[in-house]
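Trainee: Could you walk me through this one before I set anything up?
Mentor: Gladly; let us look at it together and take it topic by topic.

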Amino acid sequence: MNERTRGYLYLTGAMALVGSTVVASKLSIAAIQPMTATAIRFAIATPLFLLLMWISGTRFPRIGAEDLPVLLTQCLAGSVGYTVLLMYGLRYASASDAGLIIGMLPVVSALCAVVLLKERPDARLVMAVLVAGAGVALIALRNGGSGGSSIAGNLLVGGAVLCEALFLLLQRRLRKDIEPLALSTILSGTALLSSAVLALGETGASRFEPQALQALAYYAAGPTVVGFVLWYAGARRVSGTEAAVLTAIAPASTLVLAMLVLGEQPGWREGAGLACVLAAMGLLMARAPQPRRS
């Protein structure tokens, strides 16, 4: 097996794990309040990241004062905001619908770059936004969808996607180049502290049922930590464009797992929505120049 094929396999595994986070969140939110669940997730993930740093010999960087606000905003948006909004949304949205909305992340990120960073859009980006928007409209702008989705739930999941897009854009604002493992550990630890404090003011009681705790443990150890390792192992072996294309596996993974684990029965809207999201990703990835290979 050559290195490129190995990279594809690593990235496929990483994106399949990302897709499974929706199902894990759906299982945990049935018993545990969102902020408390977020704190538990990062309480499990942070020691695992620290262990990986110790094994790999990775050191914590010295972070300048100019990067501290960026890191804090990244944490609140991409770590805490994404997780909490996704879990709140899944109270009212089906996992199938949520997975397809999360599949919009590459398109939303590109659109945010146009709005916030003043990047110039081209015809393919406009087409990608229109096609993806049509696909999401099929599932998001209706009540009583598969699994009991509502407009409110889908909008909350959309807010989670926006938080993740902001997280990715803020990465460009960091002045210091931080090792990915060190950055993930810092963000995980910061998310643990902030979510634990915010959980103290959370209304409603959590029921620490075994299934919910197992789902959170899986979320932390699987997609959060193992997914990180697989993604960066794969990204080193393929081009950025190839890695971006493979993010399309995430919504497909969610759709399959929602059927197998949660017993959801996606209909024609979900199928058409997935087709639109995948087509939009294809348009978006076609914008990037293909790498020259020697």
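**Helix H7 and the cores**

Mentor: In H7, the residues that count as buried are Gly 153, Asn 154, Val 157, Ala 160, Val 161, Cys 163, Glu 164, Ala 165, Phe 167 and Leu 169, where buried means under 20% relative accessible area, exposed over 50% and partly exposed in between, with a 1.4 Å probe and protein chains only. Helices are DSSP runs of H or I with at least four residues, numbered from the N terminus. This is a predicted model, in which local features need pLDDT of at least 70 and side-chain atom pairs count only at pLDDT 80 or more, while totals for chains, interfaces and linings use all residues. Residues are numbered from 1 along each chain as its sequence is written, and side-chain values use heavy atoms, with hydrogens and water left out.

Trainee: Which residues touch the most other members of the largest nonpolar core?
Mentor: They are Ile 32, Leu 86, Ile 102 and Val 157, out of 34 residues in that core, a nonpolar core being a set of buried Ala, Val, Leu, Ile, Met, Phe, Trp, Tyr and Cys residues joined through side-chain atoms within 4.5 Å. H7 gives the most to this core, with 5 residues.

Trainee: And is there a second core, or what else is there?
Mentor: A separate core of 22 residues includes Leu 174, Leu 187, Ala 191 and Phe 228.

Trainee: Back to H7, what span should its 21 residues have?
Mentor: At 1.5 Å a residue they should span 30 Å, and the end C-alpha atoms are 31 Å apart, which agrees; the expected span is 1.5 Å times one less than the number of residues.

Trainee: Changing topic, how many salt bridges does a search of the whole structure find?
Mentor: The search finds 3, a salt bridge being a side-chain nitrogen of Lys or Arg within 4 Å of a carboxyl oxygen of Asp or Glu. Glu 3, Arg 6 and Arg 237 are linked in a network of them: the closest N and O atoms of Arg 6 and Glu 3 are 3.4 Å apart, and Glu 3 meets Arg 237 at 2.7 Å, N to O.

Trainee: Where do Glu 3 and Arg 237 sit?
Mentor: Glu 3 is in helix H1 and Arg 237 is in the loop between H9 and helix H10 (240–245), 234 residues apart, so the pair links distant parts of the chain. Arg 237 is partly exposed, with a relative accessible area of 26%.

Trainee: What about Pro 106, buried or exposed?
Mentor: Pro 106 is buried, at 17% relative accessible area, and its place is in helix H5 (residues 105–116).

Note on methods: Helices (H or I, at least four residues) and strands (E, at least two) are DSSP runs, numbered from the N terminus.
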